[in-house]
Amino acid sequence: MASKYFKGHDDHYNGVTIDSNEEFCTPEEFAHRLTTSLQQWIQIKKRTIWFRVYLAHSEWVPILVKEGFKFHHARQEYVMLYRWLVTGEESNVPHYAHTNLGVGGLVYNEETKEVLVIKEKYSSKTALWKLPGGYVEPGENLEEAVKREILEETGVQTTFKCIIGFRHVHDYAFGCSDIYIIAYLSPLNYNIKKCEKEISECKWMKVHDYLEHPEVHENNKLIIKKMLEFFKHRMGVTVEYAFHPVLQKPICVYSISKINNA
């Protein structure tokens, strides 16, 4: 016999999360079970109720919405809805991830004074010369991401040196804020093998030519100017890998350090 209430999983914020894969029931059963569960949760003063609803159980969604649940976030296989139960207190449920993270690689050949640059094959406007780069994948470290993007787009392998800056903008892709980090790297090889799918042109360009080129945006010229400033003091944001004592997971610690010439 099906339970009268949803069991769910308690969290340390005095909330409950119900997973539709774990406690599935028909839409008819669901509506009644939800009503009785909400009455119980309110009585025992639960704060936030979460429902993770998978695609196969999407008929739950309109029922939840009618009961005052709101959408919080979605992934390809499920949607997450929540309801704040505390009366007289503003909801403190945080927004879902609202900032996308990207990385650009400033790959510089100090001997020839050249920087590795690309033109994208698909652009909403006239393609400009820019640094290779792209979005960081879930679970990917910044160093891994920028080296991967450079290799995928240009065929050049690199050594990560440091972060020299980043730009921050709002209402960007998908309406999210966007942080784009610029890393300084040294090339391990110089032969270019561009990505035919995404890149129309790729080459090594003299820094002074890049700074004067009409097909380089002023923002990208500013990055090169900051690189030239960096060479005067060689102080940048480097990474050290450590382990979190509570989460028991590897972490990346970024700090300002002196960068050697090697």
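In which sense do strand 6 and strand 10 pair, and over how many bridges? They pair in the parallel sense, over nine bridges. The legends below describe close-up views of a predicted model.

**View 1. Strand 10 pairs with strand 6 and with strand 9**. Strand 6 covers residues 99-109, and strand 10 covers residues 177-187. Between these two, valine 103 stands opposite isoleucine 181 of strand 10. Strand 9 (residues 158-169) pairs with strand 10 in the antiparallel sense, over 10 bridges. Here isoleucine 163 has alanine 183 of strand 10 as its bridge partner. Strand 10 is mostly covered, with 10 of its 11 residues buried.

View 2. Strand 1 meets strand 2 (residues 16-19) in the antiparallel sense, over two bridges. Aspartate 10 has valine 16 in strand 2 as its bridge partner.

View 3. Just after the helix, lysine 45 takes a positive phi of about 65 degrees.

**View 4. The structure holds 16 aromatic pairs**. In one of them, the rings of phenylalanine 6 and phenylalanine 51 have their centres 5.5 Å apart. Their planes stand at 85 degrees, so the pair is edge-to-face. Phenylalanine 6 lies in the segment before strand 1 and phenylalanine 51 in strand 3, so the pair ties together parts 45 residues apart in sequence. Both residues are buried. They belong to one aromatic cluster, which also includes Phe24, Phe30, Trp41, Trp60 and Phe69.

**View 5. Tyrosine 190 and tryptophan 204 form a tilted aromatic pair**. The centres are 5.9 Å apart, with 50 degrees between the planes. Tyrosine 190 sits in the loop between strand 10 and strand 11, and tryptophan 204 in strand 11 (199-206). Tyrosine 190 is partly exposed, at 42% relative accessible area. Tryptophan 204 has 17% relative accessibility, so it counts as buried.

**View 6. Two arginines lie over tyrosine rings**. The charged end of arginine 52 is 5.5 Å from the ring centre of tyrosine 78. Arginine 167 lies over the face of tyrosine 172, at 5.2 Å from the ring centre.

Note on methods: Residues numbered from 1 in each chain as written. Predicted model: local features only at pLDDT ≥ 70, side-chain atom pairs only at ≥ 80, totals over all residues. Heavy atoms only, no water. Pairing = 2+ DSSP bridges. Helix = DSSP H or I, 4+ residues; strand = E, 2+ residues; numbered from the N terminus. Buried < 20%, exposed > 50% of the residue type's maximum accessible area, 1.4 Å probe, protein only. Phe/Tyr/Trp six-rings, centres within 6.5 Å; stacked < 30°, edge-to-face > 60°. Lys NZ or Arg CZ within 6 Å of the ring centre and 35° of its normal.
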